[in-house]
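Thanks for sending this one over.

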Amino acid sequence: MQYKRILLKLSGEALMGDNQYGIDPKRLAEYAQEIKAAVETGLEIAIVIGGGNIFRGVSGAAQGMDRVQGDYMGMLATCINGMALQSAIEATGVKTRLLTAIKMEEIAEPFIKRRAVRHLEKGRVVIFGAGTGNPYFTTDTASVLRAIEIQADVILKGTRVDGIYTADPEKDSTATKFDTISYRDVLDKGLKVMDSTAFTLSEENSLPILVFDMNTKGNLQKLITGEKIGTIVTD
Ligand code: UDP
């Protein structure tokens, strides 16, 4: 197997399915099945989930809300998504733990690195909620941070597109896909993979980022077994 421990980053928007807001139970169940199949191969899986399907601090601030207040609302949104994902994964028979960066002990364990690693070693899927626990950050940054902390082999960033392109493939039909690309080339070409804080943290720690299409059934399985899909960003 190519990887032993991975961190899967799912955006909140991915959970909307075809809706404009919130959580689509069908999409959630599909993701849960993909994750179950991956766990059954013996892979250790940690997940960071975004909150953009419910609330983003910057959007709140644009309408006059205090940014910090909005960011905490965004972090709570990631916990709602984390709880939904936890239920969906457990419905498939896979054990999970939700660990949050903001304490809410009735519903989740506080994030403690050693505990997270122990859960993974026991074959539990670990879901990290509340991002980094700090305003002005994103769940992309949280995913890089947690991946480094738990010594994941790679971040698998599940998106709507199947990799990194020379231009936005949804707008430019001549855009071509990279199979591999260096951190330096991503910056030099001005490509958007993650926000700059997340990307820099990843580069500084030589953590590979693999961008792939999570909405095509079986893709997660393909990646784990070493099939070359998506785009990988490395040194
Ligand atoms: N957020 C934050 N600190 C973090 C992670 C997230 O303040 O460490 C807030 C921020 O307001 C962000 C929202 O939570 O907009 C939802 O996260 P994000 O936008 O990263 O979700 P995604 O785009 O992946 O759905």
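1. Which residue follows H5, and what is its phi? Gln151 follows H5, and its phi is positive, near 55 degrees. Helices here are DSSP runs of H or I with at least four residues, strands are runs of E with at least two, and both are numbered from the N terminus.

2. Before going further, a word on the basis of these notes. Numbering starts from 1 along each chain as its sequence is written. The model is predicted, so local features need pLDDT of at least 70 and side-chain atom pairs count only at pLDDT 80 or more, while totals for chains, interfaces and linings use all residues.

3. Helix H5 (139-149) is largely enclosed by the rest of the structure, because 9 of its 11 residues are buried. Buried means that 20 or more other C-beta atoms lie within 10 Å of the residue's own; 12 or fewer makes a residue exposed, anything in between partly exposed, and C-beta atoms are placed from the backbone. Among the buried residues of H5 are Thr139, Asp140, Val144 and Arg146. The buried residues of H5 pack against S1, strand S2 (44-49), H3, strand S5 (125-129), S6 and helix H7 (196-204); contact here means C-beta atoms within 7 Å, placed from the backbone.

4. Now the ligand. Its shell has 24 residues, of which Gly50, Gly52, Gly57, Gly74 and Gly131 come nearest (a residue is near if its C-beta atom, placed from the backbone, lies within 6 Å). H3 gives the largest share, 6 residues, and helix H2 (57-62), helix H3 (67-90) and H5 each supply at least two. The shell divides into 6 nonpolar, 14 polar and 4 charged residues. Nonpolar covers Ala, Val, Leu, Ile, Met, Phe, Trp, Tyr, Cys and Pro, charged covers Asp, Glu, Lys and Arg, and the others, including Gly, are polar.

5. The unreviewed UniProt entry annotates a "binding site" that includes Ser11, Gly52, Arg56, Tyr165 and Asp168. The annotated residues span 160 residues in sequence and their farthest two C-alpha atoms are 26.1 Å apart, so they do not all gather at one spot. Do keep in mind that UniProt annotations may be inferred rather than shown by experiment.

6. Two of those annotated residues are worth a look. Ser11, in the loop between strand S1 (5-10) and helix H1 (25-39), is buried, with 22 C-beta neighbours inside 10 Å. Leaving aside residues up to four places away in sequence, Ser11 touches Gly50 and Gly52. Tyr165 sits in the loop between strand S6 (154-159) and strand S7 (180-182) and is partly exposed, with 18 other C-beta atoms within 10 Å.

Conventions:
Two residues are in contact if their C-beta atoms, placed from the backbone, lie within 7 Å.
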